[in-house]
Amino acid sequence: MSTLLDENTATTPAKGLREGAFGNARALACRECGHEVALGPSYACPECFGPLEVAYDFPAVTREEIAAGPANIWRYKALLPVPDDIEQNPNMEPGFTRLLKAHNLGRELGIDNLWVKDDSTNPTNSFKDRVVACALSAARELDAKVFACPSTGNLANAVAAAGARAGITTVVFIPSNLETPKQVNSAVYTDRLVAVDGNYDDVNKLASEIAGEEEGWAFVNVNVRPFYAEGSKTLGYEIAEQLGWRLPDQIVIPVASGSQLTKVDKAFQELIALGLVEDKPYKIYGAQATGCSPVSVAYKAGTDAIRPVKPDTIAKSLAIGNPADGIYVLDICRRSGGAVEDITDEQVREAIVLLARTEGIFTETAGGTTVGVLKKLVETGQLDTSLETVVINTGHGLKTLDAVSDRVGAVATIAPSYDAFLASGIL
Ligand SMILES: *Cc1c(COP(=O)(O)O)cnc(C)c1O
Ligand SMILES: [Zn+2]
């Protein structure tokens, strides 16, 4: 392979690819005009510059075949752009995280039937391990020399860890103002963590520039983005399987670039098309923090025009001011009868504590945003509380301790004696 940025113009596979390198994937198809290009390191349509996504020729897949697979995302490998022998290559084996019935939070919010999909328990404690596992497979099949990403934090953690395990050189780029835990959580896996003085959108621009100049770099969310994005589908597959092979009535999903939300919808559509679940309507809701809410603002204005913003929020993992999939999020949320909503940083902090105290789940600011938006959707009458609802927790609270460290702590500091305990008045 000459460079990972080669634009393929025909649907014959890129030279040097082994048979079945991308499993049942057929081609990369333009989301705008449908034009198809060969599977390879392409991400923009040569005809109209629209985003490319993976198109498949799925074989018949049964629930039994899936259930017989491993307890990680590879149980769905027939539905992903990965080779059949994917499990033999060193990888982080993410996924198949818990779907917990949220009785207490449901009671608190007045929702009869509420579930939390808890993706904080993935190997590097966010949902990003799913997308990185698929990007790593593509990088391997394309014979990339360097595995890289621009990141708002969690992606850098996942790329650095997966690269270490796969034994591939890893370079991760982050905004220099990132939370210390997220910096350490990357640097511990790689000696090539690069902090850039700028926001995520600046870091992303730099990554595109490097991808254009350097040969053999696989930037997970730039030039192998179509493969990366497919990893988010596994969230949708798992939720359906864990509900007993059916779709929920509605689901609340955080929005940064918007990729995850669009792929959960794609997953539900695929399950319906494959006959793995019954066809039924479902609503999709998007969650943003007010300090970076370009999609929510466009939703409320009733327009398709998403105006980029300069992020200013504690929800740094969602702080993408110019979201690549924003218009598709708007389309899906509107068409499905859902909505896009945003909440303040103060409400994000409150929601982190609310989820922790009702369900014993410590989420990061992204999950605080999602749970807080769920609460606001109920309070503003935008969400039917009688319907079965799923809310996704995408990351772990230990990554953003500062968000709540000044509002929770020891109730008293006492001498080590029973008398002192009695005197403290705690009982
Ligand atoms: C990246 C990320 C998201 C959302 O990602 P998209 O770019 O919208 O796919 C949500 N939560 C967390 C914790 C993340 O790291
Ligand atoms: Zn096109």
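Thr97 lies in the loop between helix H1 (63-67) and strand E4; helices (H or I, at least four residues) and strands (E, at least two) are DSSP runs, numbered from the N terminus. The model is predicted, so local features need pLDDT of at least 70 and side-chain atom pairs count only at pLDDT 80 or more, while totals for chains, interfaces and linings use all residues. Residues are numbered from 1 along each chain as its sequence is written, chains are lettered from A and ligands numbered from 1 in the order in which they are written, and side-chain values use heavy atoms, with hydrogens and water left out.

Thr97 is buried, with a relative accessible area of 4%. Buried means under 20% relative accessible area, exposed over 50%, and partly exposed in between, with a 1.4 Å probe and protein chains only. The side chain of Thr97 makes a polar contact of 2.7 Å with the side chain of Asp119, and another of 3.3 Å with the side chain of Arg130. A polar contact is a pair of N or O atoms within 3.5 Å; within protein, one must be able to donate a hydrogen and the other to accept it, and residues adjacent in sequence count only if both atoms are side-chain atoms.

Arg130 is found in helix H3 (residues 128-141) and is buried, with a relative accessible area of 0%. The side chain of Arg130 also makes a polar contact with that of Asp119, at 2.7 Å. Leaving aside neighbours within four places in sequence, the residues in contact with Arg130 (heavy atoms within 4.5 Å) include Thr234, Leu235 and Glu238. Helix H8 (residues 233-242) is mostly covered, with 9 of its 10 residues buried. H8 is followed by Gly244, whose phi is positive, near 90 degrees.

Next comes the sheet. An open sheet is formed by 6 strands in the order E4-E5-E13-E10-E11-E12, with mixed pairing; two strands pair if DSSP finds at least two bridges between them. Strand E4 (99-101) and E12 stand at the edges, each with a single partner strand, so one side of each is left without a neighbour in the sheet. Neighbouring strands of this sheet are turned by 25 degrees against each other on average, direction ignored. Axes are lines fitted to C-alpha atoms, for helices over the stretch in contact, and angles run from 0 to 180 degrees between N-to-C directions.

Strand E10 (residues 250-254) and strand E13 (residues 389-393) run parallel and are joined by 3 bridges, and Gln250 stands opposite Thr389 in E13. Strand E11 (residues 283-289) runs parallel to E12, with 4 bridges between them. In this pair, Ala289 stands opposite Ile343. In a regular strand the side chains alternate between the two faces of the sheet. In E12 (residues 340-343), Val340 and Asp342 point one way and Glu341 and Ile343 the other way, and all are buried. Helix H10 (residues 294-301) lies across E11 and E12, at about 125 degrees to E12.

The largest nonpolar core has 74 residues, and those with the most contacts inside it are Phe22, Phe147 and Ile251. A nonpolar core is a set of buried Ala, Val, Leu, Ile, Met, Phe, Trp, Tyr and Cys residues joined through side-chain atoms within 4.5 Å. Apart from this core lies another, of 28 residues, among them Leu105, Leu114, Val116 and Val391.
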